[in-house]
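Here's a quick briefing to read with the model open beside you.

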Amino acid sequence: MKDNKALRQKRHMRIRKKIAGTSARPRFCVSVTANNIYCQFIDDEKGVTLASSSTLSPEFKAAAAKPNMAGAELLGKLASEAAKKANIESVVFDRCGFKYHGRVKAIAEAARANGLKF
């Protein structure tokens with residue numbers, strides 16, 4: 001029987017076959033670990049990260065939030081603000097093989113509510 005990490009990596013590769021970020025529509029990659037959450041805006045054509053935000057960023061720590069559902073909503077808002085600073089309006093969402101619920105869903109919905117187009 002395969003472990004959860006291997007199954008997630010398999011889902012991630014299946015998703016990545018279909019989506020790629022460009023300079024016009026970068027890939028909004030959301031990764032969730034046991035202790036932190038990371039969001040990146042990636043241009044796959046150039047292989048460059050255009051903007052990023054995480055639970056380790058000073059803005060997140062200044063809000064004294066935790067990497068739970070409420071923190072995920074805050075992180076989605078911070079990520080969309082970082083995207084606006086980098087002149088990013090439209091993105092391709094990459095959930096990195098994680099299921100679209102819980103913290104991943106909260107980040108996506110908060111980013112959409114703050115003006116990011118998926």
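**Starting point: isoleucine 42**

Isoleucine 42 sits in strand 2. Keep in mind that this is a predicted model. From that residue we'll move to its strand, then to the sheet, the core and the overall build.

- Is isoleucine 42 buried or exposed? Its relative accessibility is 11%, under the 20% cut-off, so isoleucine 42 counts as buried.
- Leaving aside residues up to four places away in sequence, isoleucine 42 touches Gly21, Pro26, Arg27, Cys29, Val48 and Thr49.
- Isoleucine 42 and valine 91 are 49 residues apart in sequence, yet their C-alpha atoms are 9.4 Å apart in space.

- Four strands make up an open sheet, in the order 3-2-1-4 and with mixed pairing.
- Which strands stand at the edges? They're strand 3 (48-54) and strand 4 (92-94); each has a single partner strand, so one side of each has no neighbour in the sheet.
- From one strand to the next, the twist averages 20 degrees.
- Helix 4 (residues 103-113) packs on this sheet and touches strand 1, strand 2 and strand 4. The direction of helix 4 makes about 145 degrees with that of strand 1.

**Strand 1 and its two partners**

- Strand 1 (residues 27-32) pairs with strand 2 (residues 37-43) in the antiparallel sense, over six bridges.
- The link between strand 1 and strand 2 is a hairpin through four residues.
- On the strand 4 side, strand 1 has three bridges, and strand 1 and strand 4 run parallel.
- What stands opposite cysteine 29 in strand 2? That's glutamine 40. In strand 4, aspartate 94 stands opposite cysteine 29.
- Valine 30 has cysteine 39 as its bridge partner in strand 2.
- The contacts of valine 30 are Tyr38, Cys39, Phe93, Asp94, Arg95, Cys96, Phe98 and Ile107, again leaving out residues up to four places away in sequence.
- Five of the six residues in strand 1 are buried, so strand 1 is largely enclosed by the rest of the structure.

**Strand 2 to strand 3**

- Strand 2 and strand 3 run antiparallel and are joined by six bridges.
- Their hairpin has four residues between the strands, and glycine 47 there takes a positive phi near 70 degrees.
- Cysteine 39 has serine 53 as its bridge partner in strand 3.
- Serine 53 touches Ile37, Tyr38, Cys39, Leu75, Leu78 and Ala79, once residues up to four places away in sequence are set aside.

**The nonpolar core**

- The largest nonpolar core has 27 residues, and the members that touch the most others are Phe28, Val30, Cys39, Phe41, Ile107 and Leu116.
- Strand 1, strand 2, helix 3 (69-85) and helix 4 are the elements that give two or more residues to this core.
- Which element gives the largest share? That's helix 3, with six residues.

**The chain overall**

- The chain has four helices and four strands, and along the sequence they follow the pattern α-β-β-β-α-α-β-α.
- A compact globule of 118 residues would have a radius of gyration near 13 Å, and the chain has 14 Å, which agrees.
- The C-alpha trace spans about 40 × 30 × 20 Å along its principal axes.
- Of the chain's 118 residues, 39% count as buried.
- Take the contacts between residues at least 6 apart in sequence: 57% of them join residues at least 24 apart.
- The chain exposes about 7,000 Å², with carbon and sulfur atoms supplying 51% of it.

Notes: Residues are numbered from 1 along each chain as its sequence is written. This is a predicted model: local features need pLDDT of at least 70, side-chain atom pairs count only at pLDDT 80 or more; totals for chains, interfaces and linings use all residues. Side-chain values use heavy atoms; hydrogens and water are left out. Two strands pair if DSSP finds at least two bridges between them. Axes are lines fitted to C-alpha atoms, for helices over the stretch in contact, and angles run from 0 to 180 degrees between N-to-C directions. Contact means heavy atoms within 4.5 Å. The radius of gyration is taken over C-alpha atoms; the globule rule is 2.2 Å times the number of residues to the power 0.38. Buried means under 20% relative accessible area, exposed over 50%, partly exposed in between (1.4 Å probe, protein chains only). Accessible areas come from the Shrake-Rupley method with a 1.4 Å probe; for residues, only the protein chains shown count as cover. A nonpolar core is a set of buried Ala, Val, Leu, Ile, Met, Phe, Trp, Tyr and Cys residues joined through side-chain atoms within 4.5 Å.
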